[in-house]
Amino acid sequence: MRWNELGKFLLVTLAIVGGFCVYIRPLTHSIKQGLDLQGGTHVVLQAVDTAELKVDDDAVKRSVSIIERRVNELGLTEPLIQRQGKDRIIVELPGIKDPEKAIAMLGKTAMLQFIDYDGKVVLTGNDLKDSRGQIGQNNRACVSLEFNDEGAKKFAEVTARSIGRPIAIALDGKVLTAPNVNEAITGGRAQITGNYTMEEAEHLAILLRSGSLPVKLEIMENRTVGPTLGQDSKEKSITAFIIGCAAVFVFMLVFYRLSGVVADIALLLYTMMLLLVMRYLNATLTLPGIAGIILSIGMAVDANVLIFERFKEEVKKGRTLRSAMDAGFDRALITIMDSNITTLMAALILFYLGTGPVKGFAVTLALGVILSMISAVIVTKYMLHFLIYSNFTKNPWIFGVGAPKAEEVAEK
Amino acid sequence: MSDLIQKLRFSIVRNYKIFFGITITFLCIGFGSMIMRGFNLGIDFTGGTIMDLYFQRPVKVVELREVMSSQGLGNSIIQLANSDGESSPDVLIRTGIITEAKRREVVEALKAKFGEYEIQRIEQVDATVGGELIEQAVTAIVLSWVLMIAYISLRFEFRFAIAAILALIVDVSVTLSYFSLLQIELDSSFVAALLTVVGYSINSTIVVFDRIRENMKLRRRTETLSDMIDNSIWQTMTRTFYTSLTSLFSVVAIFLWGGETIRNFSFAMLVGFSSGIYTSSLLAAPMWLFLRGKKAGD
């Protein structure tokens, strides 16, 4: 018996199991969750040509920055605005409370026009300096407008010649309000009143101050998950995770005994490494991604199974535990490399061609293949090495790699 | 356990007709169904809208149908989740392709009739997305095959690569067959599931081929190629069985407990993995033998 080796084994075991118990929870929570788990909206906007304007690179660029301004005003944590390809914009709004209103706001052109009694457009959104949602007269919500210098000049001029007549304020061609002008307004301020809630007034103000979109944006895709369904998905995937893992763990214990224990410890480390790498890659955890993790655990034991089966064959050939283990590892390594590299190719392609959740899934799959190789080849190898070199038993049965020895059978 | 598995031993190469026959029969039925009935394509492919809304009071299908009809969308598919047989607050509506503005109108009409609601899920997809998705999926799978052929040819030989890819084509076809036969809805996650199946199945096939490659070198003159293949398959059979079990544990856990949202996804994996186990242990190696121009028994 060499206590030294056994001590090393126990130390590594303790470190991994302890680390797992302490860190698994905070680690899992620190990974960014996808919209399907935390709830939120994913929208794809497509720029389309209109009679006045063709879609070009500049128009899309300007649209992205206007959408950015609009989204930032919503005060969400970590929204995402991304241009996709030539003429598409992806917007992700995690944890949005009222997705319907937010979506309506994104695609709005928000072209503001002041139209005089002749039907002539006298001022536009370009003349604005700022706009705010406010509580106005009679405690009713309204949108206050502040013109820039040139706008103020024009507005004063227009109101001066429109006394007693209406000026219409229109948004995207729809008249919001058309008050009569009582006197010339020289202060460079105006108000849009109407039957608004405070929230509506604020949204309108955001639209106006972020500017109007240069091209028409159509909503091409909208995927919204409510917070309840997200929470529900999260809970269910945790259940599936626990059950799936437990089954794999028990299986390894039953069929490989002490080697199974080693494989299970390697699996714990594998799970931790996977989550850790996902965190540092800033990967997003999605529902298919979690399914991928559960699946990868079922597949991660494959490397261990390959090693243990080789180990078993070598023992059968009459080798000692030590040399059987070394030979088993060496031979299994080639198999593991070749089979996993081919699998990795599927994951790589999925990563390059996939979008959104599919891409996230590919990351999990690829990481799973690589990390399970590392954990099986390195961790399992050293831990088994420690155990076998500690000489605490020479019985292959304990390692799940041979029949019980004759004398033990006789005892029973 | 492995002794038990070895006791089952029979010649896989010599019985190839049975295994090929089963596969071909199933695929004929599958392809027949694909041609006759096609697929139940989800909105990811066809375009359209799905709204899963939770109202504050239970709602009846008839009432919902009324509102939808008044919006000119009378042919929408309406389902109640967790229904007590007649009404439920949890409503699932699938329409054809409508604009976002129209969808909002519909929602407003529903709100006017049934009161406040909470959004569980909304999915709205434009028609053009579907075509892109199919194109993307086919490119992804074909590209991954090209890469695999290159790698296997490099590490093994070209005929191994072709046999492995043929096995994968069977797996993909089997999975598609199930989805057509059972008319299960195809969505974008199906592509991911299919590629996972491909990744898993190729892994198992390579393990068998690796053994064949090794045994080729050790082969005695007296041993026929067919016997050598049989030996290789059976030497890896315990591993195939164990790994299949642990992978299936995971897939079944996701299928049974992972929730409705990913049920179709996990079903694709379930049938694909099962097919992968079958093709990698029973079909791939005999195919390699035939590609070498040999017959069973040679």
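Which elements cover the buried residues of H4(A)? In this predicted model, local features require pLDDT of at least 70 and side-chain atom pairs count only at pLDDT 80 or more, while totals for chains, interfaces and linings use all residues. Residues are numbered from 1 along each chain as its sequence is written, and chains are lettered from A and ligands numbered from 1 in the order in which they are written.

The cover of H4(A) includes S2, helix H3 (57–72), S4 and S12 of chain A, together with helix H5 (100–114) of chain B. Helices (H or I, at least four residues) and strands (E, at least two) are DSSP runs numbered from the N terminus, and contact is defined by C-beta atoms, placed from the backbone, that lie within 7 Å. The buried residues of H4(A) are Ala102(A), Ile103(A) and Leu106(A). Seen down the axis of H4(A), these residues fall within an arc of 100°, so they line one face of the helix; the arc is that of the directions from the helix axis to the C-beta atoms. A residue counts as buried if 20 or more other C-beta atoms lie within 10 Å of its own, as exposed if 12 or fewer do, and as partly exposed in between, with C-beta atoms placed from the backbone.

The loop between helix H4 (99–106) and strand S5 (112–115) of chain A contains Ala110(A). This residue has a positive phi of about 60° although it is not a glycine, and Ala110(A) is buried, with 20 other C-beta atoms within 10 Å. Asp172(A) is found in the loop between strand S9 (168–171) and strand S10 (174–177) of chain A and is partly exposed, with 14 C-beta neighbours inside 10 Å.

An open sheet is formed by eight strands in the order S3(A)-S4(A)-S2(A)-S12(A)-S5(B)-S2(B)-S4(B)-S3(B), with antiparallel pairing. The edge strands are strand S3 (80–84) of chain A and S3 of chain B, each of which pairs on one side only. The twist averages 25° from one strand to the next. Two strands are taken to pair if DSSP finds at least two bridges between them. Axes are lines fitted to C-alpha atoms, for helices over the stretch in contact, and angles run from 0 to 180 degrees between N-to-C directions.

On the chain A side, eight of the nine residues of strand S2 (residues 40–48) are buried. S2(A) pairs with strand S4 (residues 88–94) of chain A in the antiparallel sense over seven bridges, and Gly40(A) has Pro94(A) in S4(A) as its bridge partner. S2(A) is also joined by nine bridges to strand S12 (residues 216–225) of chain A, again antiparallel, with Ala47(A) opposite Leu217(A).

S12(A) is joined to strand S5 (residues 117–125) of chain B by five bridges, and these strands run antiparallel. In S5(B), Glu123(B) stands opposite Arg223(A) and Ile122(B) stands opposite Thr224(A).

Within chain B, strand S2 (residues 48–60) and strand S4 (residues 87–95) pair in the antiparallel sense over eight bridges, with Ser88(B) in S4(B) as the bridge partner of Val59(B). Four bridges pair strand S3 (residues 77–80) of chain B with S4(B), also in the antiparallel sense, and Ile77(B) stands opposite Arg94(B). S3(B) and S4(B) form a hairpin with six residues between them, and Asn82(B) in the turn has a positive phi of about 50°. Helix H4 (residues 61–70) of chain B lies across S2, S3 and S4 of chain B and runs at about 130° to S2(B).

Contacts between the chains involve 57 residues of chain B and 58 residues of chain A. On the side of chain B that touches chain A, the elements that give two or more residues are H5, S5, helix H6 (127–155), helix H8 (189–218), helix H10 (237–257) and H11 of chain B. The residues of this side divide into 29 nonpolar, 19 polar and nine charged; Ala, Val, Leu, Ile, Met, Phe, Trp, Tyr, Cys and Pro count as nonpolar, Asp, Glu, Lys and Arg as charged, and the others, Gly among them, as polar.

Chain B is divided into domain 1 (2–42 + 128–291) and domain 2 (48–125), with bounds from an automatic or database domain assignment. The centres of the two domains of chain B, taken over C-alpha atoms, are separated by 41 Å.

Definitions and conventions: Contact = placed C-beta atoms within 7 Å.
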